[in-house]
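Dear colleague,

Please find below the structure that I am handing over to you. My notes on what was found in it follow directly after.

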Amino acid sequence: MNHEIHHPTTIDPDETLSLDEAHEGGHEHHTPLGTMTWVFVILLFLTALTVWTSNIHEIVIGHSVIEIGPTPHIIMAMVIAVIKATLVAAYFMHLKYDKPMNTVVVGATMFGVLLFIGLTLADLAARGSIDRQELAPIVVGGNKHLDADGNRVDGAGVTQAARENSPDAHHGEDHGDDHSGDDHSGDDHSGDDHASDDHADDH
Amino acid sequence: MSHHDVSYLEPKGSFWQTVWSWVYTIDHKKIGVMYLTAVLLAFLLGGLFALAVRAELFTPYQTIVTETGETITKGEALRFIADRWVENGSTLTVNNVYNRFFTAHGAIMVFLFIIPAVPAALGNFFLPIMLGAKDVAFPRLNLMSWYIYVFGSLLAVYSLVNGGVETGWTFYTPYSTTTNWGSTTAMLLSAFILGFSSIFTGMNFIATVHKLRVPGMGWFDMPLFVWAIYATAIIQVLATPVLGITLLMLVFERTFQIGIFDPALGGDPVLYQHFFWFYSHPAVYIMILPGFGIASELLAVHCHKKIFGYRAIAFSSIAIAAISFIVWAHHMFTAQSVALNAIFSALTFLVAIPTAIKVFNWIATMYKASISINTPMMYAMYFLFCFTIGGLTGPPLATLASDIHLHDTYFVVAHFHYVMMGGTVLAFIGGLHHWWPKMFGKMYWEPGAQLAGILVFVGFNVTFFTQFFLGTRGMPRRYATYIEELTTLHQISTIGSWILALGLFLHLFVFIHSLAAGKPAPKNPWGGLTFEWETESPPVEHNFPHEPVIVHGPYDYESVVPPHCDPAEYPVARPPAGGANGTNGTNGTNGTHHA
Amino acid sequence: MTSVTTTNGDAGANGRELEPHEAYVPGAHWRNAHDEAEAAKLGMWLFLGTEILLFSGFFCAYAVFRMWYPENWHDASRYYLSWKIGFANTCVLLLSSYTVVLAIRAAQQNKKNWILIHLLITNLCALFFLVVKIGWEYIPKIQKGELPGGLFTYYNPQGEFDHIFLSIYWISTATHGFHVLVGIFVISWAMWLAAKGHYGPKHYTSLENVGLYWHIVDIIWIFLFPLLYLV
Amino acid sequence: MMLLEPISTLLATTSNPIKRAWDHLWFYGNTDASNFAAGSDAVFFFIFWVSAFFFVLLMVLMVIFAIKYRRVPGKSAPVSASHNTPLEIFWSVVPTILLAVMFFWGLIEYLPTRVAPGDAEEIQVVASQWRWDWVYDNGASPLNTEVIANMESPIFALPVNKPVKFVLSSLDVIHSFYIPGFRIKRDVMPNMYTQLWAEPTQVSHSWNEDTEEWQVVPEMARGDFDGFYLACTEYCGDQHSQMWGRVMVLSQGDYERWKTQQADTSGIPLVQLGGDLHKAKGCVACHSVDGSRGTGPTWQGIWGKTHTYVGGGSGIVDENYIRESILEPAANIVEGYPNQMVSYQGQLTDRELYAIVKYIQSLSDNAEDVAAAEAESEAEMAAKQEAAESEGGADGDAAGGGE
């Protein structure tokens, strides 16, 4: 138990505040032109690639046709986008050359984003698993929202439009005025299938 | 320049020049003092709403037929206001007024008071000083953040006088998107703007801690208050933007009907709750972590003892900040899917571990200490008492089976008041007394402050401990009236709120008295070891007459005589061998080497 | 930025008036210019982190509704938005990011005119982006009633939840567009400082931070483009 | 009709003052009201006693230290350890274990609450601002009310020892379904069905053949209030705090009797039925009948009045206006009132609608109107009675919404 006065020598290597650097000036690294140009070209190429892949809807191998659904598309697009973003961050934004602290900030941020989106999605995806109900949709007779003037109005024109979205059920130009709930009067429970309960059941 | 020896409070020339020197200042101390004034005003305003809410709950509504055959309703304390408040062409109902008042109480206390209270007021003032810096990293950003706060607060006040908000401070959809009472949009924008103030303050503190520590000060030489503020700043920066986007989307929902949260348009209200709590749960730790930091300082200084488990306390602050991001959905146990409930219940318990460690460490600090019983130390003990209750009533709410019963009842109300008020606010008041001599150079009337503290402690516990019983007996939150069987408990609670208010007003009086007639404060009235006790009371313009040099840790009480203190009064248990560091001199400059 | 007109000791030896960037002294509370520059960059990165989190709200809403209505999303994306416009805008933004990098390089090499030229190209790209966005997307959409949520009045919806797709399109691109607009202002401010000689090899912190901001606007678009226009 | 005696009187009969104070302050003693209550309480009290132990331990230590180690000026604190790794590990691990027990116990007790047994009787619960409506499998919807917290609240019944599954939906904003005595709670969402279930295990009321009324059973007079009520726990606006319902738990036989009683309204005179509906369907939450102001216009003397509407126009309150206001509330809002009401489309039969019209007529001060209304009512009632009888089970169909 030999005691000594605490000597504050714990200096974080990443965060040194040593006076030695005081005269080095603010910036040590010079931006290499060639690297940056290459990165730019790769970014353009990846942009073209993502557009190209998004337009592939089926792959023909010999006689078999593999259909590409929306999920592979979004995975592909996101992978490319992540690569592009990483390139921009690492080179254009100098993360590769900077003190690691800035990368830690980005990492923490991305961690936050992933938690937020991931766990929220997890809940909304798991929602139907136990509360599955084979019932008629909820009557939204009472659902209201505000119109542009801030007044409460009943079930909006948009929901009506969405409900009757068969190609032949055109609503004319006057549809924009259709918010007052006038066309709501005739609605019955059974005819009302627009309540968005179905996502709870199906997904 | 003269700022080496002139107090930051010194007037600058004429009256208007002095005013201008405050309005346009980039001095973190002046900004801190302005914040302090503003948050105390907000506390007063929010507290008045709380008193009104408690007054309404003194009795439930009762319809009585009088002797003349007239039917009247009793138990409506807010009737007087309701009958005089005209909106949409007629007077309001008592419920309307009550709903606006509890929303106003919540919104003001959360957004205007408790989030900025410790970081922006005390943190602004002391964080740079504790690091031995002349200012925060970005002084102009600091000033901007203050004016953003002012603007946001004014917008909130505008919203209140323009009808108020009746959605609850949580703004749950679809109620908040459909109600056209009051001025909800203004309040949403206000909270959105206040969020930026919070973000900028957080950014500033992170950069300050990283880049402006006095040369030689390592991470583990920082005072624990700095660690706590640093952890808070991380949450402020990482969580607040999500609140910003949530409120912005809610504003869009109200103005353009974007339909993302509104079920009438195909949106989903639970999605809103995820958005909201992703910020607002971490925000709970924005509120409480600085309280932890203050408690650590108060205990160490007034126990005159090295804090027990320094690293454990420091790391637990960071751990709490990290865990705070993965527990938000425990606010939605009755709304969301079973799988997520199980996950979030488990994750929520994680928070209890670092919190428990902190409490054990604080109590252990008092063991074999040399404890001065004064207002700050009493507040530290009040804090330990109330926060322990607040913390221990967390597990029943994290446990699924019992939360189902207690969710959205007064048990929750009592729990978070024990954490927010019993934790943060008591620590804040304690910290204010602790640092008051340093901030304003005046001592306060100690017996008055102690009496006020006792009143606050008793009043607080009478008010809120009762509410645990109300909660377990099934009294839901946000109720303007209730079943008659609960009248006694509600009345006890309301009487407690009066005692609490009395204590707080007495504190206000003591502070005003101190400013007007307080004795000049010595440089180090408590015998503290951190940098703020080395400089003048109040500090000079750039904080220190000469840049301080760190020669001991923040809590080395057993081996270091506090600066400016008499070693006869503060003897050390273990004098250093040889005294090569010169820290035990008696010339009043201990610990400060002139660079 | 602090405009400093005093000359320091070194300057006197050279016997000429120093450019502002050469005469730069850090703020009074900084120990040296290096710390100040590092802190400014750290602060900027923290701010960029908040920007990313801000936009993550849109991405989260997007992800949720796409998970629920993948077909409707796909159809709406293909029907309402032209990938060609998006592609053009993406390339323009990438180019502008590249020129910002070149502007910083010019500052490092003390070529004042090239800083200005590169920043000017950046600003022109930003303007191009906004003009395309407003002229070729927003205005026709408003005319056709392809508006968000409850304002949606388009006669031929592709599915039940087109209005929510368009809500997310509108709020995310409008917020992004607002950032582009802010970008134009801050880049113009950087040009003004560059013209006055505030940027040189030893001091170009604010130019670097403006660049960082501009890159993050680009990165957000890198994600918005495929999500809205392609998948 | 007060079904439960006020607790104050019950308390007054309890002789032991300590017992009285305990009952009044302490947590629920009633752990057998539903199959979940005992489990939930057991978890709670486990946590409670663990917490109490730690709290007392810490506070006693704090006070002892504060007294024992008070500062004496000029004396320093003795040297003591500033950390102790084994101790710190000990006090990290022990709470962790206890917390893990809490979590798993809580989870085990919770999981069954979300999966109803297959044979559970299904009751549809429809919430709106600010009322509860339960639709039973025979189409019955409660008609009787009781004053809870100054608000006429519907009385619902449940069978004892039989699982009941509640299927919840909301017509407007989020509400939350909470029966404190049963320890169950679930949010009621406007865009999806949620559900929960419980098995009541304690009879609260029985049918008194003599008085022909539902009465509290003697065992319930336990000196504490019982939590047999339904409350909304998610803030939902103006009268959130008055959105109550009484929950009666009946024996099997009584339960069947009650359901039959509630399903058949044909024998009730129109004005009386209108009055019952006014309370049971929640109209009372917004529309007073004594002239006082509420969220909506009072019904007293409203018949025959001319109202100005929001957005221009005016009209006389007559049969058609009342009917329109119930079915399409947003069509014509009286000046000075918010557009707050939900549509009752499909929830009231023609006869019930008519009963409300007649009830409003009967509330008019205008003597002539009242006389005319009464005369008319007699005739109409007879005619409607016949119509209703010939319609058969129409009531049930229209009241549901679950078909």
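I begin with one residue of chain B. Gln257(B) counts as buried, because 29 C-beta neighbours lie inside 10 Å of it, and 20 or more are needed for that label. Please keep in mind throughout that this is a predicted model. Gln257(B) sits in the loop between helix H8 (224–256) and helix H9 (269–303) of chain B. The phi of Gln257(B) is near 50 degrees, a positive value in a residue other than glycine. Such a value deserves a remark, because most residues other than glycine have a negative phi.

Arg183(D) is not a glycine, yet its phi is positive, at about 60 degrees. This residue belongs to the loop between strand E6 (175–179) and strand E7 (184–188) of chain D. Is Arg183(D) buried or exposed? Arg183(D) is buried, since 30 other C-beta atoms lie within 10 Å.

For contrast, consider Glu67(B), which is placed in the loop between strand E1 (62–65) and strand E2 (71–74) of chain B. Glu67(B) counts as exposed because it has 5 C-beta neighbours inside 10 Å, and a residue is exposed if the number is 12 or fewer. Between the C-alpha atoms of Glu67(B) and Thr178(B) the distance is 43 Å, and the two residues are 111 apart in sequence.

Pro174(B) is found in the loop between helix H5 (139–161) and helix H6 (175–178) of that chain. Trp130(D) lies in the loop between strand E1 (121–128) and strand E2 (131–135) of chain D.

Next, I would draw your attention to helix H4 of chain B, which covers residues 94–130. H4(B) has 37 residues and reaches 50 Å from its first C-alpha to its last, close to the 54 Å expected at 1.5 Å a residue. Where does H4(B) bend? The bend, of about 60 degrees, is at Ala117(B), and a proline, Pro119(B), follows within four residues. Of the 37 residues of H4(B), 36 are buried, so this helix is largely enclosed by the rest of the structure. Just after H4(B) comes Gly132(B), with a positive phi of about 75 degrees.

Helix H3 of chain D, residues 37–68, has 32 residues and spans 45 Å from its first C-alpha to its last, close to the 46 Å expected. Its buried residues include Val43(D), Phe44(D), Ile47(D), Phe54(D) and Phe65(D). Against what do the buried residues of H3(D) pack? Their partners are helices H11 (338–366), H12 (375–392), H13 (394–398) and H14 (400–406) of chain B, together with helix H4 (85–110) of chain D.

Between these chains as a whole, 93 residues of chain B are in contact with 83 residues of chain D. On the chain B side, H11(B) provides the largest share, 13 residues. By class, that side has 48 nonpolar, 32 polar and 13 charged residues.

Chain D itself has 11 helices and 14 strands. Of its 403 residues, 49% count as buried. Among its contacts with a separation of 6 or more, 68% are between residues 24 or more positions apart.

Finally, chain C has seven helices and zero strands. Buried residues make up 57% of its 231 residues. The radius of gyration of chain C is 22 Å, whereas a compact globule of 231 residues would have one near 17 Å. Its C-alpha atoms fill a box of roughly 75 × 30 × 25 Å along the principal axes. On confidence, chain C averages a pLDDT of 86, and 93% of the residues score at least 70. Over residues 1–13 of chain C, however, the pLDDT is below 50, and this stretch has 15 contacts in the model beyond near neighbours in sequence.

Yours sincerely,
A colleague

Terms used
Residues are numbered from 1 along each chain as its sequence is written. Chains are lettered from A and ligands numbered from 1 in the order in which they are written. This is a predicted model: local features need pLDDT of at least 70, side-chain atom pairs count only at pLDDT 80 or more; totals for chains, interfaces and linings use all residues. Helices (H or I, at least four residues) and strands (E, at least two) are DSSP runs, numbered from the N terminus. The expected span of a helix is 1.5 Å times one less than its number of residues. Two residues are in contact if their C-beta atoms, placed from the backbone, lie within 7 Å. Ala, Val, Leu, Ile, Met, Phe, Trp, Tyr, Cys and Pro count as nonpolar, Asp, Glu, Lys and Arg as charged, and the others, Gly among them, as polar. The bend at a residue is the angle between axes fitted to the seven residues ending there and the seven starting there. The radius of gyration is taken over C-alpha atoms; the globule rule is 2.2 Å times the number of residues to the power 0.38. pLDDT is the predictor's confidence in each residue, from 0 to 100.
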